[in-house]
Amino acid sequence: MDTTYDVKLWKTSVYEGKKKTTHTVRWELAGREWRKPFATGPLAESFRSGLVTAARKGEAFSLSTGLPVSYQSGAAGVKWYEFAVQFVDQLWGRTSANNRRNVAKALTPVTVALLRSKPTMFDDVDIRRALREYAFNTGRRAEAPPEIVVILRWVERNSLTMAAWEDESTVEALLRAAGTKLDGIAAAASSVRRNKRVLNVLIEHAIKRKVLRENLLPKGKGAAAAKTSSAVDKRSLLNRDQAAELLT
């Protein structure tokens with residue numbers, strides 16, 4: 001686990017907006033600033049006092065979540081790759097082939113985004129293929145050829161832990177990764193919604209298994225949600241002459 005004892009705490013900042021006032025607790029770990037907003041002053045001060053107490057006790061703080069080690073769930077001890085594979089396996093026997101493919105497609109870009117470092121000895125396309133067709137395919141995983149096994153072992157060693165899902169900024173980045181193709185172009189709106197549904201099911205499963213404490217994925221419409229339109233383009237409609245010719 002990546003931790004630090006280099007902790008600095010600042011006074012709670014207050015922002016008075018037109019509609020609401022936000023109380024933000026700010027602290028720094030090894031040079032990186034962390035923030036957590038609250039709706040009321042007492043809530044913010046209660047959270048800040050907990051950080052102060054932990055720092056005075058000499059408790060280590062996690063560099064992944066920004067919180068004292070005692071605050072963490074079991075997420076820091078579980079690697080994302082291992083949990084994702086187990087999630088696929090427990091779904092495999094009770095879902096359709098189409099749903100299995102959708103799960104693999106959703107988990108693949110997120111797994112790539114949760115690597116400690118970018119691969120230099122493997123091609124991105126090969127990594128995604130290894131994940132989609134073998135790692136997240138219970139029926140074919142044991143049949144993976146040697147070159148695929150090498151890739152998957154590297155991914156397993158370099159996978160971050162489930163603690164990444166306890167950091168809001170990281171979760172936002174993972175949602176963007178799930179909604180972006182390999183070439184950097186945004187995926188179709190239907191794909192974005194489907195991937196988000198899969199991730200929600202996985203996170204709820206992690207909460208049930210006591211690996212995570214809460215689901216930080218945004219609810220309803222948000223920045224990560226792709227917009228769609230139900231309006232009909234008039235240019236795609238037949239005019240009177242075309243309609244008459246078609247009927248004839």
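Author: Ala, Val, Leu, Ile, Met, Phe, Trp, Tyr, Cys and Pro count as nonpolar, Asp, Glu, Lys and Arg as charged, and the others, Gly among them, as polar. By these classes the lining of the largest pocket has 10 nonpolar, 5 polar and 10 charged residues. The model is predicted: local features need pLDDT of at least 70, side-chain atom pairs count only at pLDDT 80 or more, and totals for chains, interfaces and linings use all residues. Residues are numbered from 1 along each chain as its sequence is written, and side-chain values use heavy atoms, leaving out hydrogens and water.

Reader: What makes a residue part of the lining of the largest pocket, and which residues lie nearest its centre?

Author: A pocket is an open set of points on a 1 Å grid over the protein atoms alone, where a 1.4 Å probe fits, with protein on both sides within 12 Å along at least five of seven lines; lining residues have an atom within 4 Å of a point. The largest pocket has 25 lining residues, and Arg 35, Lys 36, Glu 166, Glu 168 and Leu 216 lie nearest its centre. Two or more residues come from each of strand E4 (21-29), strand E5 (32-38) and helix H6 (168-178). E5 gives the most, with 7 residues.

Reader: Which residues lie nearest the centre of the second largest pocket, and which element supplies the largest share of its lining?

Author: Of the 16 residues lining the second largest pocket, Lys 105, Pro 109, Arg 128, Thr 180 and Lys 181 lie nearest its centre. Helix H3 (97-113), helix H4 (124-135) and helix H7 (189-208) each supply at least two lining residues. The largest share, 4 residues, comes from H4. By class, this lining has 6 nonpolar, 4 polar and 6 charged residues.

Reader: Why is Asp 167 called buried?

Author: Its relative accessibility is 8%, and buried means under 20% (exposed is over 50%, partly exposed in between; 1.4 Å probe, protein chains only). Asp 167 therefore counts as buried. Asp 167 is found in the loop between helix H5 (146-158) and H6. Leaving aside neighbours within four places in sequence, Asp 167 is in contact (heavy atoms within 4.5 Å) with Arg 32, Trp 34, Ser 64 and Leu 216.
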